[in-house]
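I opened this notebook to keep a record of what I look up in the structure, going from the whole chain down to single residues.

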Amino acid sequence: MTVAAMEVDAVGADRAAPKFSFNVLQLIKTAQLQHGLRLGDYKRYRRYCTARLMRLYKSLNFKHGRGKYVKKDITEATVTDVRYLHVVLYSSERAWSYAMEIKSSGAGANARQQAHLIRRLTKAAKWADLLNRLCSEKADSRTGLEALAYAEQMRGNLLLERGTDWETALKKFKSARKIYDELGKFGDVENQVMCRQRVEELDSMIKFCMYEMGRSELKGSDLLGLSTQEGPAFDLLQSKLEAVMVEARTQQAVSMTELEFLGRKFPVKNPKTRVCILKGQELLKELEATVPSNTEKKLSTFDKLFIAYHDAKRHIRDDLAVAGTAEDVREELNGLDRTVSSILLQRTIERNLILVTNAKARLARAQKGLREEKGEKPAKPEDLVRLYDTLIQNVTDLSELVTSGRETNSRNLSFAKDLDARRLGFSAGRCYYLSMSYNVAAKYPEAYALIRRAQEHAESAIKSYSQSSVLDESVVKDLKMLAEDCRAQKCLIHARAVTEEQKSHDTLQKGVGSLSLSKDASKKEEAGYLLDKLDVYESVLGAAGSKEQPRIFQVLPSFQSVPCEPIVLDTALNAIEFPSLDGRLKKEEKKGFLNRFFGR
């Protein structure tokens with residue numbers, strides 16, 4: 001064979017070399033969700049990437065020397081197995097997860113830690129660029145496109161954290177978004193869903209970059225929707241967005257001069273208090289925009305809202321401490337404090353109502369015998385009783401707070417009446433579930449009394465709501481359903497109580513009827529008393545097949561005649577003269593003068 005022919009065969013062999021193929025996005029998403037990032041644990045995911053790299057190095061026999069580290073570069077000639085591409089991908093993921101670990105721990109505020117974070121992101125971007133170059137030569141077209149999108153996003157994350165070149169970061173994010181948008185049009189449903197999620201993440205990055213560049217009409221407060229999104233990609237934006245939101249609130253606080261509640265306006269002069277109140281109002285808008293089924297997100301938003309209003313109360317108390325004896329200033333600050341406390345109690349009631357709805361759903365699943373979701377315990381009636389106790393206390397505190405001011409207008413009184421109606425509704429729910437707990441314990445008289453009281457409270461609450469100025473149709477509907485349930489449960493509890501009483505009566509009558517307190521003269525009865533007839537060899541069980549109970553001992557024992565003790569009357573005791581015993585007593589010796597003097 002000639003040299004030219006050999007060269008042609010070599011070229012043909014290179015052309016016939018198969019291209020590697022693997023789904024980059026699906027691989028990293030699966031690894032992230034299964035190893036910590038579902039809960040935001042970047043440290044666990046970094047450890048997984050390290051362990052995964054160790055296994056890949058060992059399986060490929062791609063070791064960096066023994067004892068002394070000798071770096072081995074991965075080039076196009078090195079990639080003879082798809083696992084080499086996995087090594088590059090997990091190296092990038094490990095560096096990125098290390099950077100996110102620093103970011104999530106809050107250490108990024110330190111200059112040294114911030115520099116360390118930038119170095120990790122730079123390393124992640126370099127590994128991603130290497131993956132892009134290798135996949136463009138050694139992988140098929142789809143894998144190459146995914147690697148390109150991954151590299152563009154990693155480079156954009158680096159530029160976003162640096163905050164110096166927003167235009168280049170915007171180009172990187174737009175390039176990655178376009179690729180994922182096209183890839184989401186093909187493949188199976190799972191791949192399309194993952195690509196759509198990645199597109200939504202990149203849209204948030206693009207909006208923020210455009211805001212920083214001034215090309216967007218968004219305001220700082222309009223970025224609140226971006227800060228509420230969750231996921232590994234959004235964690236990088238949190239500190240940036242928080243800084244923007246603080247700046248926007250500070251600008252809005254200049255125009256905010258008063259807080260209105262129930263027709264009264266209270267001046268807010270402290271800028272720190274204004275910022276906290278504005279933050280609470282923004283979080284309230286976020287709550288209204290959240291899907292009702294997303295309970296976890298709502299509860300986490302409530303926690304942030306409580307922190308904001310508690311900070312506002314703290315600033316108000318600081319102002320009261322320095323107000324001195326100025327009555328007008330102190331009156332304004334006290335009114336503002338009551339207003340913030342009232343808003344805080346209102347939101348607390350809303351949060352507890354969400355917990356009640358969640359507990360009712362879990363209790364219904366437990367009654368149907370369905371399994372709870374992982375990490376949840378089945379609810380009990382006692383849990384709902386405690387929640388309703390808390391709601392009743394919240395409503396009572398809010399009513400006292402609203403009517404405690406010096407100036408009480410008609411709106412305050414109307415609001416207090418509405419709170420009384422809500423208290424009746426909560427009392428009805430408390431009695432209902434307390435009755436359910438007694439019913440489970442087979443304490444039917446107590447359960448019946450409580451279910452009647454629950455029905456009375458529910459009907460009273462419906463009447464109060466019908467006379468209220470603010471009529472909530474959903475609350476009235478729930479109360480009517482509760483009254484119907486009380487009526488049905490009342491009949492069921494009464495039926496169970498009667499049935500249980502009849503059963504106990506029949507059992508007692510049968511048991512008493514089987515007892516025999518008299519001793520019959522028949523031979524069978526006499527032989528039945530085992531202890532009295534030990535000399536008789538006869539069974540106490542009766543005839544074969546007999547349903548009579550064996551009689552071992554007589555209940556109650558028969559009476560026996562006992563001789564009476566004689567009666568003695570000692571009537572002659574007082575007339576008897578007993579002999580003198582003086583002669584038997586020991587006589588006392590007489591002592592002389594000297595004996596008495598010496599003590600003898």
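I began with the surface: in this predicted model, the chain has an accessible surface of about 37800 Å², and 53% of that area belongs to carbon and sulfur atoms. I then looked up how much of the chain is covered, and found that 37% of its 600 residues count as buried.

Next I turned to the secondary structure, which comes to 19 helices and two strands. For the contacts between residues at least 6 apart in sequence, I noted that 65% join residues at least 24 apart.

My next entry concerns Asn 270, which I found in the loop between strand S2 (264–267) and helix H11 (271–289). Is Asn 270 buried or exposed? Its relative accessibility is 18%, and because buried means under 20%, Asn 270 counts as buried. I also looked up what lies around Asn 270: leaving out residues up to four places away in sequence, Asn 270 touches His 315 and Asp 319. A polar atom of the Asn 270 side chain lies 3.1 Å from the backbone nitrogen of Lys 272.

Methods. Residues numbered from 1 in each chain as written. Predicted model: local features only at pLDDT ≥ 70, side-chain atom pairs only at ≥ 80, totals over all residues. Heavy atoms only, no water. Helix = DSSP H or I, 4+ residues; strand = E, 2+ residues; numbered from the N terminus. Buried < 20%, exposed > 50% of the residue type's maximum accessible area, 1.4 Å probe, protein only. Contact = heavy atoms within 4.5 Å. Areas by Shrake-Rupley, 256 points an atom, 1.4 Å probe, with all protein chains shown as cover. Polar contact = N/O pair within 3.5 Å; in protein donor to acceptor, adjacent residues only side chain to side chain.
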